[in-house]
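Q: I have a structure open and want to talk through a few parts of it. Can you take my questions as they come?

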Amino acid sequence: QKDPEATKKEQLSVKKLRVVLFALCSSTEQAAQHFRNPPRRIRRWLRRFQAFHDDRPELSEGKYLSLEAEEKLAEWVLTQREQQLPVNEETLFQKATKIGRSLEGGFQISYEWAVRFMLRHHLSTHTRRGVAHPLPKEIQGNAGAFIEFVQRQIHTQDLPLAMIAAVDEISLFLDVEILGSDDRKEHALQTVGNGEPWCELVLTVLADGSVLPALVVSRGGLPCPAAVPKSILLESKENGCGDDEIMELWAARVWRKHTECRGGASKGMLVLDCHRTHLSEEVLAVLSAAGALPAVIPAGCSSRIQPLDVCVKRSLKSFLHKKWKERAKDLADSDSSALLQLLLGWLGEALEILGNCPELIQKSFLVASVLPGPAGNSGSPRRNGDEQEELITAMEERLKIAKTRESSPEFPENDDPEADPEILHRLFEGESEAESFYGFEEADLELMEI
């Protein structure tokens, strides 16, 4: 039996659990900035939490939500993220309370439960092996049916790879108040948020590895035309565009031009999310007229079966955040037009790099199971997870956003631990507790922790 003092030492305080939950909902880097704690320390707390609870599975039984209720909550987290809406401590607890009341009456909720929930359902935002993890049961069934449908359509209609497209949006939110602050400017640009976005980026990649021009829809003033890279089609409206209008613009300016370049006769397939497109009858008619079959991904499945989610979107977001962070201190007095000009330059730079990575984009379609593997079957979850991890690493190297090092050369600063104990073990393997922070002993470290 373990010594009580050792047990006490392994359990995390409520304050530490709150930091860990923040890291799982957002990222280790954002948690480190928000709570002013080194990323390595936060990862260390997560490892300690996992080790403590792995030895005590009974702690998670019968105290909180039922498995059915947790599945519903996990579905909500996934769909929130698809819509680029924030998932944080407040929204998670509110939704958990609502689900708990509707299904089984009162229940106990805590930070300890919330961290276990996020780990148990593989909901860490920056997992690098997301396709290897199972989805909630109902969503998993929908995902399987969708993959079967898409692969059957590709085969029966003999669709060429150049006419199989993945389409998705990235919304950018600009907080003018934060931009004008003294010490938080690097957080003014975000890819999740409430309200109307500053810019919408519509990305399109093809199964043959090609990248089509990105459609950028912005609010406010336009930069000079010379500032718009050739790989970007810019639309600007004072009050922005609705989702239907964005899709109609995309069909006219991106997809129709692509089909015209191929003679206009080929049929095509568009793999796109059910969120943020609001596929109305008008939009479906426009896509149909352009010879495109919309393959609409079921809610909650995008993180596993949207080719753009497998690798490209996360790498592009990291690239834009990195560029913004490097320039944030100089941008406080810039007007919207100047900021947009900078954004377009960064996006053009990234699209040029993506255009030179056809093999990575092709593999994204395979890892997402939109295309069957060489043997005619989708790969195993473990193999696809391995390939996703390799894809992300390769894309980050091409975009020169390989994770920065903190105090140790072995571990990346923003490499978030995953729920799988095997992955956690791999992440922290060989890391000495006593040598974690510049030679401080464990007792010294405890004094520094919140």
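Q: Start with Lys323: which residues does Lys323 touch, not counting residues up to four places away in sequence?
A: Lys323 touches Trp346 and Glu349 on that count, where contact means heavy atoms within 4.5 Å.

Q: Before I go on, what kind of model is this?
A: This is a predicted model, in which local features need pLDDT of at least 70 and side-chain atom pairs count only at pLDDT 80 or more, while totals for chains, interfaces and linings use all residues. Residues are numbered from 1 along each chain as its sequence is written, and side-chain values use heavy atoms, with hydrogens and water left out.

Q: OK. Is Lys323 buried or exposed?
A: Lys323 is buried, because its relative accessible area is 16%. Buried means under 20% relative accessible area, exposed means over 50%, and partly exposed is in between (1.4 Å probe, protein chains only).

Q: Which helix does Lys323 lie in?
A: Lys323 lies in helix α13. Helices (H or I, at least four residues) and strands (E, at least two) are DSSP runs, numbered from the N terminus.

Q: What span should α13 have, and what does the model give?
A: Helix α13 covers residues 307-327, and its 21 residues should span 30 Å at 1.5 Å a residue; the end C-alpha atoms are 30 Å apart, which agrees. The expected span is 1.5 Å times one less than the number of residues.

Q: Where does α13 bend?
A: At Lys313, by about 35°. The bend is the angle between axes fitted to the seven residues ending there and the seven starting there.

Q: And α14, which residues are buried there?
A: Among them are Leu339, Leu343, Trp346, Leu347 and Leu354. So Trp346, a contact of Lys323, is buried in α14 under the cut-off of 20%.

Q: Switching to strands: how many residues of β4 are buried?
A: In β4 (residues 214-218), 5 of 5 residues are buried. Ala214, Val216 and Ser218 are on one side, with Leu215 and Val217 on the other.

Q: Which way do the strands joined to β4 run, parallel or antiparallel?
A: β3 (residues 199-206) runs antiparallel to β4, joined by 4 bridges, and β5 (residues 232-236) runs parallel to β4, joined by 5 bridges. Two strands pair if DSSP finds at least two bridges between them.

Q: Which residue stands opposite Val217?
A: Glu200 stands opposite Val217, and the bridge partner of Ser218 in β5 is Ser236.

Q: Last one: how many helices and strands are in the protein chain?
A: There are 18 helices and 7 strands. Buried residues make up 52% of the 450 residues in the protein chain.
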